[in-house]
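Me: I would like to go through the labels attached to this structure one at a time. For each of them, please set the value against its definition before concluding.

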Amino acid sequence: MGKSVFVRIYTSLLVLVGALIVVFIIMNVLPGDPALMMLDPAESTPEMIATMRHQLGLDRPFYVRFAEYFVNLLHGDFGNSMVNSDPVLPKIIKHFPATLALTAMSSAIAVVIGIVLGVLSALHRNKPIDLLARLIGLFGISMPTFWSGILLILIFSVQLGWLPAMGSTGFKSLIMPSLTLGLVGAGFIVRMVRTSMLDVINESFIVTLRSKGLSERVIMYQHALRNALIPAITMIGMIVGEMLAGTVVIETVFSRQGIGRIIADAIMAKDLPVVQGVVFFSAVVYIIVNLLVDLSYSFIDPRVRRAS
Amino acid sequence: MKEAAVSSGGLSLARRRLLRLPHFNISKLSASDLFVYGAAIAVALILLCAIAPQWLAPYSPTAMQADQVLLHPNWSHPLGTDYFGRDVLSVVVYGSRDSLIIGFVSVLVGSLTGGLIGALAGYAGGIIDTILMRIVDVLMTIPGVLLALAIAAALGPSLTNVVLAVAAATVPGYARVMRGQIMSMKARPFITASRSIGATGPVIFWRHVLPNSLSPMFVMAAIGIGSSILTGAGLSFLGLGTIKEIPDWGALLSQGRGYLTVAWWICTFPGLAITVFVLSVNILGDRVRDRLDPKRSRG
């Protein structure tokens, strides 16, 4: 058990470095020059552009810059923004909590709605509740978040005036954004849980349990559900990553100050140190969540416990 | 030769099952059949919008009437007008073309590229497989939306670039599925059999392994159209999409955001168009999956 955790952390670190390299390559190999974005092309001479590129360190090969970035990173230095020279780390630390709160709340909504509806849907197949759950699942995965978010603003802020349309302070400002994002995750989880629950219900060990005379309630909630949750939990790990990415759009819609907004702005300005910093923090969260997901298997599934 | 006959027979059987619709007897249709028919009609209608917008749009999408600014939905403008005095219905109808191109072409490009990478990794094995799959693993840790955002921002706003960005974000997923499929197909007895009668590597790959590995890719592509349209619309919404006279759905919605308190209809209807189309494509995609995958063919 302890050994497998170390192996997981080790491979996770490799993946983290890989993600940083990929982002570095994408931002460097693709066209577009940060120096040109910062200077007015009409007024700047080639010498000015060259000086700016030298100041930003862009005249050196990108593997040299990556090595330098990486060594600084190991010393806790995330570099400075290319746009306004602000250090990256304090900026991320300041805005990360708002995004984490949004991601955590959305994930909680997604998991609760997703699992409850998914199980009810499978247990009452082709009944009205099943139809409702399937519709919620389909709408969840089909509605663009920037639209469902705007509809919520129209209803609850513009028409009813109950909730603030923008801002990132206080619990009230968290309700609509996390509902918008949570519904997407709920859509995926409902569909997943329903399918895997239906698969499990048709397995022979359920017939064995029935023939033993166990009550349907015990069979469904103690035996079928635990088996059906395994694929669903794998999916929850992936969904948290999508939620973190989803905050890019949601924080724009609800004008929240979070790292989703920061990375969107930084990507458009080709502000590499900021993009790298946000990717680093998001990847760490993603890796931790997936590590927890892997560990949770051994609590849910005795086969995994015995294997390790 | 015999395996070839079996494989093509299998494919045509799959195709027949794909196209077979329930017998049309309205009293016997289940709720999910009704959804499938409704979805098919919606998709057909929106495809018609994209192909021949001039037949369905009441006005020109670029006609700006200064005396008809921000009109509520009414008889002459069923979905109202925007800040420039354009008819929202006409802009939505014309905007369907770019929105749909992003969805369909990016799925085509993404599944072909990802499929080829996965097929190469799965069939070649060894060091090629290891290198390609480690790259795919790393790409998969970066959420698709962020990958698409970075690529679209770097390439600059244009329809082609949005298509490329959305496609690139889906490549790792397709590669992984295709690799798994090829690996399991490679181990099948009929492949060993064709090798034993002297078939060469490329023949086995192109004639036997590849055609028999395609159905999960079709399913994934069918399901993927909806999410590609969502990603593309999201990029447009963030301002990375096409800069054109006729905005696509995401861009129109983004433009309407500024007038949310005075004109709810500008945001509402393009979003509704995206939702209806993606919902319909997903309903049809579910049906395709159920037909192709006997394990899941329980409604």
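Predicted model: local features only at pLDDT ≥ 70, side-chain atom pairs only at ≥ 80, totals over all residues.

Reply: Residues are numbered from 1 along each chain as its sequence is written, chains are lettered from A in the order in which they are written, and side-chain values use heavy atoms, with hydrogens and water left out.

Me: Why is the pair of F146(A) and F237(B) called stacked?

Reply: Rings of Phe, Tyr and Trp (its six-membered ring) pair if their centres lie within 6.5 Å, and planes under 30 degrees apart count as stacked, over 60 as edge-to-face and the rest as tilted. By this rule there are 14 aromatic pairs over all chains. For F146(A) and F237(B) the centres are 4.7 Å apart and the planes stand at 10°, so the pair is stacked.

Me: What makes this a pair that joins two chains?

Reply: F146(A) belongs to helix α7 (residues 145–159) of chain A, while F237(B) belongs to helix α10 (residues 215–237) of chain B, so the pair joins two chains. Helices here are DSSP runs (H or I, at least four residues), numbered from the N terminus. Both F146(A) and F237(B) are buried.

Me: Why does F280(A) count as buried?

Reply: Buried means under 20% relative accessible area, exposed over 50% and partly exposed in between (1.4 Å probe, protein chains only). F280(A) has 19% relative accessibility and therefore counts as buried.

Me: What makes R191(A) and D286(B) a salt bridge?

Reply: The term requires a side-chain nitrogen of Lys or Arg within 4 Å of a carboxyl oxygen of Asp or Glu. The side chains of R191(A) and D286(B) meet at 2.9 Å, N to O, and form a salt bridge. Across the interface of chain B and chain A the rule finds 1 salt bridge.

Me: How do you know how many residues of chain B and chain A are in contact?

Reply: With contact taken as heavy atoms within 4.5 Å, 46 residues of chain B are in contact with 46 residues of chain A.
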